[in-house]
Amino acid sequence: GYYPNGNVMVKCKYVLDKIEGVFEEFYENNQLKEKGNCAQGIKIGQWRAYYPGGKLYAEGKYNANNQYEGEWKVYYQDSALKQLGSYKDGKSEGKWKFFHPNSILKEEGEYAQNLKVGFWKEYFDNGKLKSEGEYLEGLKHGLWKGYNSNGYLLVKVNFDKGVMHGR
């Protein structure tokens with residue numbers, strides 16, 4: 001297809017009415033929006049997505065079922081890493097890290113089947129610990145600690161499957 005200004009919207013090849021091979025989508029300004037491979041009309045293998053200005057937005061792989069698979073990276077517009085994590089069959093799985101725009105670690109922990117599990121830590125953009133505690137099936141569980149931006153303990157809170165009990 002084409003945009004009203006005549007610029008190409010998508011470049012791809014069809015085989016038996018399904019996209020096959022290299023797929024490229026463009027913004028109206030002719031900048032590449034995303035690029036990857038398709039097999040029988042579904043995304044597969046390595047893909048990259050871009051911001052309108054041309055900087056890399058995200059990169060990772062799709063499995064044969066058109067789902068995120070393996071390591072994926074997402075970037076801020078200035079190219080700093082925003083998040084890093086893995087997928088299995090389209091669901092967040094394993095260790096994940098999220099970063100502040102200044103590249104300081106923002107949050108880290110693990111996922112299982114798209115749910116936060118185990119011990120997680122969150123940080124201020126100065127690198128100091130903000131909070132820490134356990135997740136059980138995606139819900140805060142057990143003792144959670146909260147800190148101020150200087151690293152001093154402010155609060156201890158107990159959770160039972162997402163429900164706060166006392167302070």
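Leaving aside neighbours within four places in sequence, which residues is Ser 131 in contact with? Contact here means heavy atoms within 4.5 Å, and the list for Ser 131 runs Trp 120, Lys 121, Glu 122, Trp 144, Lys 145, Gly 146 and Tyr 147. Ser 131 sits in strand E12 (residues 129–136). With a relative accessible area of 13%, Ser 131 is buried; buried means under 20%, exposed over 50%, and partly exposed in between, using a 1.4 Å probe and protein chains only.

Before going on, a word on what you are looking at. This is a predicted model, in which local features need pLDDT of at least 70 and side-chain atom pairs count only at pLDDT 80 or more, while totals for chains, interfaces and linings use all residues. Residues are numbered from 1 along each chain as its sequence is written, and side-chain values use heavy atoms, with hydrogens and water left out.

Now step back to the whole chain. The protein chain has 15 strands and zero helices; both are DSSP runs numbered from the N terminus, with helices (H or I) needing at least four residues and strands (E) at least two. Along the principal axes, the C-alpha atoms fill a box of roughly 60 × 30 × 25 Å. The radius of gyration is 21 Å, whereas a compact globule of 167 residues would have one near 15 Å. That radius is taken over C-alpha atoms, and the globule rule is 2.2 Å times the number of residues to the power 0.38.

How much of the chain is buried? Buried residues make up 30% of the 167 residues. Among contacts with a separation of 6 or more, 6% are between residues 24 or more positions apart. The accessible surface comes to about 10,300 Å², and 50% of that belongs to carbon and sulfur atoms; such areas come from the Shrake-Rupley method with a 1.4 Å probe, and for residues only the protein chains shown count as cover.

Next, the charges. The chain has 25 positive and 21 negative charges, and their mean positions are 3 Å apart. Lys and Arg count as positive and Asp and Glu as negative, while His and the chain ends are not counted. Each charge is placed at NZ of Lys, CZ of Arg, CG of Asp or CD of Glu.

Side chains of opposite charge can pair when their charged atoms come close. How many salt bridges does a search of the whole structure find? There are seven, a salt bridge being a side-chain nitrogen of Lys or Arg within 4 Å of a carboxyl oxygen of Asp or Glu.

One of them joins Lys 33 to Glu 25, with the closest N and O atoms 3.8 Å apart. Lys 33 is partly exposed at 31% relative accessible area, while Glu 25 counts as buried at 18%. Another salt bridge pairs Arg 48 with Glu 59, at 3.2 Å between the closest N and O atoms. This pair links distant parts of the chain, eleven residues apart: Arg 48 is in strand E4 (residues 42–50) and Glu 59 in strand E5 (residues 56–62). Arg 48 is partly exposed, at 35%, and Glu 59 is buried, at 16%.

Further along, Glu 110 forms a salt bridge with Lys 95, their closest N and O atoms 3.4 Å apart. Glu 110 lies in strand E10 (residues 105–112) and Lys 95 in strand E9 (residues 94–99), so the pair ties together parts that are 15 residues apart in sequence. Glu 110 is partly exposed at 33%, whereas Lys 95 is exposed at 64%.

Back in strand E2 (residues 18–26), you'll find Glu 24, which counts as buried at 17% relative accessibility. Not counting residues up to four places away in sequence, Glu 24 touches several residues, among them Met 9, Val 10 and Leu 32. Glu 20 is also found in strand E2, and is partly exposed at 26%. From Glu 20 to Arg 48 is 28 residues in sequence and 17 Å in space, C-alpha to C-alpha.

Finally, have a look at two loops. Most residues other than glycine have a negative phi. Glu 137, however, has a positive phi near 50°; this residue lies in the loop between E12 and strand E13 (139–147) and is exposed, at 60%. Lys 161 also has a positive phi near 50°. Its place is in the loop between strand E14 (153–160) and strand E15 (163–165), and Lys 161 counts as exposed at 52%.
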